[in-house]
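Work through the exercises below with the structure at hand. Each task is followed by a stepwise solution.

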Amino acid sequence: MSEPHPLDASDLEPVHPDRLKVSDQVAIQIIEMNKWYGQFHVLRDINLTVNRGERIVIAGPSGSGKSTLIRCVNRLEEHQKGKIIVDGTELTSDLKNIDKIRSEVGMVFQHFNLFPHLTILENCTLAPIWVRKVPKKEAEETAMHFLRKVKIPEQANKYPGQLSGGQQQRVAIARSLCMKPRIMLFDEPTSALDPEMIKEVLDTMIELAEEGMTMLCVTHEMGFAQAVANRVIFMDQGQIVEQNEPREFFNNPRNERTKLFLSQILGH
Amino acid sequence: MANQAMPFSRSEMLPPEPPPGSAVGVVGWLRANLFSSIGNSILTILALALIWLVLSHVWPWLAHAVWNADSYAQCRQIIADTWGPDAGGACLAVIRERWKQFMFGFYPIEAYWRPTLAFILMFVALAPILFSALPRKMLWFSLIFPGLAYWLLWGGSIFVPIVIYAGFAAGWLGFHLGARASAAFVAPLLAAVFALVWWFFIASPLINLLPDIGLMPVQSKQFGGFMLSVTIGVTGIAFSLPLGVLLALGRRSDLVFVKAICVGFIEFIRGVPLIALLLVASFLLNIFMPPGTNFDIILRVIIMVTLFSAAYMAEVIRGGLAALPRGQYEGADALGLNFWQATRLVIMPQALKISIPGIVNTFIGLFKDTTLVAIIGLLDPIGLITSIRANAAWNGMVWELYGFVAVLFFVCCFGMSKYSQYLERKLRTDHR
Ligand SMILES: Nc1ncnc2c1ncn2[C@@H]1O[C@H](COP(=O)(O)OP(=O)(O)O)[C@@H](O)[C@H]1O
Ligand SMILES: [Mg+2]
């Protein structure tokens with residue numbers, strides 16, 4: 001677990017609230033969801049509805065179940081009780097449904113998880129070609145488009161091992177975007193990065209938010225939360241402890257646990 | 001000398017300089033690698049003495065070699081006449097006389113061109129697999145090659161390999177029908193069923209219907225020499241890798257039944273000596289076959305050698321799979337790749353790359369183990385040596401014969417080893 005890097009909101013481009021429209025269509029619905037690892041009750045009675053275009057930041061101490069929660073959304077982890085409905089499809093053990101949902105939901109990991117044996121371009125075209133059956137040439141054009149968007153088109157023919165951490169994470173974002181996902185999940189995308197690389201990744205994410213991407217984001221970057229989130233969710237011991245819009249969340253935390261966490265992370 | 005405590009700011013940056021002379025050049029290399037310390041120097045001198053000792057015996061032996069003679073006795077006579085009564089020398093005349101036998105065993109002389117052609121085509125088929133810079137279209141030939149080589153070596157009707165190949169097409173059809181199912185194991189299962197039904201129930205009546213156009217058939221018992229080693233070795237290598245991959249995947253499977261079968265198979269095979277399997281292939285297998293079926297001895301041996309190596313291969317590849325971080329599986333899953341796509345495109349390329357040294361190790365072991373077939377009476381190079389030594393003319397020869405076979409095998413195995421080092425260098429994608 002690396003140190004959280006609190007970032008001042010003023011470091012980031014301010015986003016005008018009107019540009020971040022939220023529709024009333026539901027993108028993700030989690031109802032009474034519970035999960036156990038063996039005997040360990042890791043997620044307890046999670047209820048969460050995410051509308052299309054909403055950007056949600058999930059915060060909480062290490063081990064509180066944040067990763068497990070978002071990993072349940074694309075079934076990297078299986079839940080044992082309750083319902084998760086993504087894009088109108090309920091997650092069950094049906095592999096067809098799971099593959100369909102996974103191709104609609106992009107995920108960015110703390111450790112990038114790029115494929116080291118493939119070039120940057122091949123990393124980005126692999127899933128479109130094999131899952132979406134897009135012709136290779138078209139997939140490459142799309143990939144170059146998104147690589148330009150994350151500002152590293154010139155690295156297309158290098159291997160992940162030759163890139164810096166920040167560049168690798170931007171490639172990982174571009175790789176997910178190439179699948180044209182409707183929802184993006186981020187699991188601490190900046191915690192494995194050196195401080196000077198955090199901003200380039202956050203800028204990319206803010207740009208995505210401005211385009212109306214539905215985002216579920218586990219992060220300790222409170223500046224990012226203040227800049228783009230509609231809602232901040234605080235988790236502890238596998239439960240949602242507090243949930244509010246960012247200004248209220250940071251200025252008037254209600255729960256004692258939230259107050260403690262914020263005082264630790266923001267160093268107040 | 002600046003005061004340590006003083007504030008300091010560099011006014012100009014230092015340019016890079018070449019390393020000092022003692023670290024570079026021949027002298028630098030010698031000093032660093034051979035004479036870096038007293039202990040190292042002593043070892044260097046001892047090693048040089050040892051090399052000299054070996055060479056001083058081997059070199060005259062090779063320099064006195066006799067190529068033209070009809071028997072071992074005549075060889076010794078010639079060496080004694082030329083180099084004096086005490087001189088030793090290699091009697092390479094035996095290699096010269098038995099060269100063709102060493103290569104082809106008792107294969108019909110008028111058909112020598114067939115294994116020779118198959119051997120040359122083998123390199124054409126291997127080239128695109130070994131070197132990715134070659135055009136990918138050549139892989140089609142690599143796919144056809146096994147059938148073609150079978151037909152060239154054993155002769156018979158051209159339709160036999162064609163009908164057998166059609167079985168793979170049936171398997172492919174089964175796989176694609178099964179891929180629509182939601183469980184990942186349906187596809188390979190259906191593929192296996194389709195292919196087996198074709199081979200066991202459709203192939204042989206179909207071949208009987210088709211006209212018998214082809215080459216003169218050659219019996220397996222006429223096969224021998226290096227050609228036999230290469231046939232068994234290359235086929236075993238080609239099949240043990242994919243089978244090993246499947247076993248390794250099966251061993252990690254969540255499906256209890258699949259896992260149990262794979263674990264059972266691997267542990268059984270690893271616990272039994274290859275020679276026992278070969279004896280089973282040679283004596284016992286026919287007892288279990290329906291009477292009248294003629295299950296070819298070379299085919300039986302190839303199956304046993306393949307199964308044997310596949311078990312080792314599976315463990316080597318399992319090591320490679322275990323070395324992959326979980327993030328690679330999750331990255332592939334999160335993109336929506338299904339199990340077989342993730343395995344083929346993301347997991348296996350990396351796991352195989354990690355396993356290259358172990359895989360090549362198993363290949364080399366397999367190739368050398370082909371000499372064990374001498375024990376069940378096949379005339380591979382070692383089997384031939386036994387029969388050559390039984391001949392009155394060459395009675396009592398040891399070094400020349402075994403040395404020659406050793407050199408043949410060394411060239412092949414060293415080649416594989418060198419290739420694997422090349423491949424490892426080529427597949428390195430970090431910090432290039
Ligand atoms: N595969 C697993 N098996 C058992 N326990 C796990 C597993 N993964 C995570 N846990 C446990 O579940 C809890 C929540 O983990 P996680 O969701 O990774 O927390 P966070 O992301 O909030 O740090 C932790 O106590 C962790 O030790
Ligand atoms: Mg986590």
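This is a predicted model: local features need pLDDT of at least 70, side-chain atom pairs count only at pLDDT 80 or more; totals for chains, interfaces and linings use all residues.

**Exercise 1.** Treat B:Cys412 in the manner of Exercise 1.

Solution. 
- Step 1: B:Cys412 is in no disulfide, and the nearest cysteine sulfur, in B:Cys413, is 6.4 Å away. A disulfide needs the sulfur atoms within 2.5 Å.
- Step 2: With 24% relative accessibility, B:Cys412 counts as partly exposed.

**Exercise 2.** Find which cysteines are joined by a disulfide and what parts of the chain the link ties together.

Solution. 
- Step 1: Over all chains there is one disulfide.
- Step 2: B:Cys75 and B:Cys91 are the partners, with an S to S distance of 1.9 Å.
- Step 3: B:Cys75 sits in helix H3 of chain B and B:Cys91 in the loop between H3 and helix H4 of chain B, so the link ties together parts 16 residues apart in sequence.
- Step 4: The link is right-handed, with 70° about the S-S bond, and both B:Cys75 and B:Cys91 are buried.

**Exercise 3.** Describe how helices H5 and H6 of chain B cross.

Solution. 
- Step 1: The axes of H5(B) (residues 113-130) and H6(B) (residues 138-154) come within 9 Å and cross at roughly 160°.
- Step 2: Angles over 145 degrees count as roughly antiparallel, so H5(B) is roughly antiparallel to H6(B).
- Step 3: The crossing of H5(B) and H6(B) is left-handed.

Definitions and conventions
Residues are numbered from 1 along each chain as its sequence is written. Chains are lettered from A and ligands numbered from 1 in the order in which they are written. Side-chain values use heavy atoms; hydrogens and water are left out. Helices (H or I, at least four residues) and strands (E, at least two) are DSSP runs, numbered from the N terminus. Buried means under 20% relative accessible area, exposed over 50%, partly exposed in between (1.4 Å probe, protein chains only). Axes are lines fitted to C-alpha atoms, for helices over the stretch in contact, and angles run from 0 to 180 degrees between N-to-C directions. Angles under 35 degrees count as roughly parallel, over 145 as roughly antiparallel, 65 to 115 as roughly perpendicular and the rest as oblique. A crossing is left-handed if the near helix is turned anticlockwise from the far one by less than a right angle, and right-handed if clockwise.
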